[in-house]
Amino acid sequence: MSSEDFSAYKERLLLLRARILGDFSQMEDLSLRKNRADQGELSTAPSHMADCGSDNFEQEFTLQMMESSSEILEDITAALERIEEGTYNTCEICGIKIPKKRLQVIPYATMCVKCAEKEYE
Ligand SMILES: [Zn+2]
């Protein structure tokens with residue numbers, strides 16, 4: 001995977017994080033949301049990422065959002081760290097490269113499909 005690929009996934013992860021944080025802030029009171037915006041948390045989100053989204057991606061993301069936003073936030077943070085370490089697209093169980101197709105759907109995936117299936121059996 002090239003460094004351009006890595007930075008594309010990084011941008012997508014940052015956007016996802018901003019969106020999740022945005023959703024959380026709707027449940028919080030207005031002053032909390034203002035504080036977060038002042039800290040620049042939301043302003044780190046690239047604005048051109050909307051072009052990269054596909055319907056499938058949006059759909060899957062919405063489904064997962066309903067499961068657990070905070071778990072996804074942890075996964076996103078871990079994925080961003082993995083990008084920095086250069087292990088982003090490596091399955092953390094078996095060590096094979098996670099296919100790009102999978103990362104396009106779940107940019108914060110830490111396991112290949114086979115290992116993920118085993119994990120959730
Ligand atoms: Zn694996």
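This is a predicted model: local features need pLDDT of at least 70, side-chain atom pairs count only at pLDDT 80 or more; totals for chains, interfaces and linings use all residues.
Local features require pLDDT of at least 70 and side-chain atom pairs count only at pLDDT 80 or more, while totals for chains, interfaces and linings use all residues. Residues are numbered from 1 along each chain as its sequence is written, and side-chain values use heavy atoms, with hydrogens and water left out.

The zinc ion is coordinated at 2.3 Å by the SG atoms of C91, C94, C112 and C115; donors are N, O and S atoms within 2.8 Å of the metal (3.2 Å for Na, K and Ca). Along the chain these donors follow the spacing C-x2-C-x17-C-x2-C. The angles among the 4 donor atoms run from 102 to 117°, and the site is tetrahedral, a label given to four donors if all angles lie between 85 and 135 degrees. C91 is buried, with a relative accessible area of 2%, where buried means under 20% (1.4 Å probe, protein chains only). C112 and C115 are buried as well.

The structure also holds 2 aromatic pairs, defined by ring centres of Phe, Tyr or Trp (its six-membered ring) within 6.5 Å. F6 and Y88 are edge-to-face (planes over 60 degrees apart), with 6.1 Å centre to centre and 65° between the planes. This pair links helix α1 (residues 3-27), which holds F6, to the loop between α4 (69-85) and α5 (100-105), which holds Y88, 82 residues apart; helices are DSSP runs (H or I) of at least four residues, numbered from the N terminus. The relative accessible area of Y88 is 0%. The rings of Y9 and Y88 have centres 5.4 Å apart and planes at 50°, so this pair is tilted, the class for planes neither under 30 degrees (stacked) nor over 60. F6, Y9 and Y88 form one aromatic cluster.

Definitions and conventions. Buried means under 20% relative accessible area, exposed over 50%, partly exposed in between (1.4 Å probe, protein chains only). Four donors count as tetrahedral if all angles lie between 85 and 135 degrees; four count as square planar and six as octahedral if opposite donors are over 155 degrees apart and all others between 65 and 115; anything else is irregular. Helices (H or I, at least four residues) and strands (E, at least two) are DSSP runs, numbered from the N terminus.
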